Amino acid sequence: QVQLAESGGGLVQAGGSLRLSCVASGSGFSINAMEWYRQAPGKQREWVALITSGGSTNYAGTVKGRCTIYRDDAKMTVYLQMNSLQPEDTDVYYCKIRLTKYGLLQEYWGQGTQVTVSS
């Protein structure tokens, strides 16, 4: 069973920083891409950033230049460093991990972590 545990959310003032973490647990799989999404109440989930197994990254325009995604494969962890946070960044942030288990491609989501940015 693969499980994801997110942490790092919280309340921060505008201009502040947070680092989100998402740790995968389980065995018998290899992690491919790791991503972050965010979602506000009543809105669709929005893609934020991606990092491939080779370390290539890509970002949504709304966060590019302010956020950095990176991974530690030994710890099966993906991070999202967020700087210069603004009130519009207030959302629940979710990680998604694509992995290969028993030769099958699978996706798993974290439970979400709340980020609140005050003005």
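**Notes on the salt bridges**

1. Let's start with R38 and D91. These two form a salt bridge, and their closest N and O atoms are 3.5 Å apart. The pair ties together distant parts of the chain: R38 sits in strand 4 (residues 29-39), D91 sits in strand 9 (residues 91-101), and the two are 53 residues apart. Keep in mind as you look that this is a predicted model.

2. Are R38 and D91 buried or exposed? R38 has a relative accessibility of 5%, so it counts as buried. D91 comes out at 7%, so D91 is buried as well. The cut-off behind both calls is under 20% relative accessible area.

3. R38 has another partner, E46. Here the closest N and O atoms are 2.9 Å apart, and the contact is a salt bridge too. E46 has 30% relative accessibility, so it counts as partly exposed.

4. Now have a look at D73 and R71. They form a salt bridge with the closest N and O atoms 2.8 Å apart. D73 is partly exposed, because its relative accessible area is 44%, whereas R71, at 16%, counts as buried.

How values were computed:
Residues are numbered from 1 along each chain as its sequence is written. This is a predicted model: local features need pLDDT of at least 70, side-chain atom pairs count only at pLDDT 80 or more; totals for chains, interfaces and linings use all residues. Side-chain values use heavy atoms; hydrogens and water are left out. A salt bridge is a side-chain nitrogen of Lys or Arg within 4 Å of a carboxyl oxygen of Asp or Glu. Buried means under 20% relative accessible area, exposed over 50%, partly exposed in between (1.4 Å probe, protein chains only). Helices (H or I, at least four residues) and strands (E, at least two) are DSSP runs, numbered from the N terminus.
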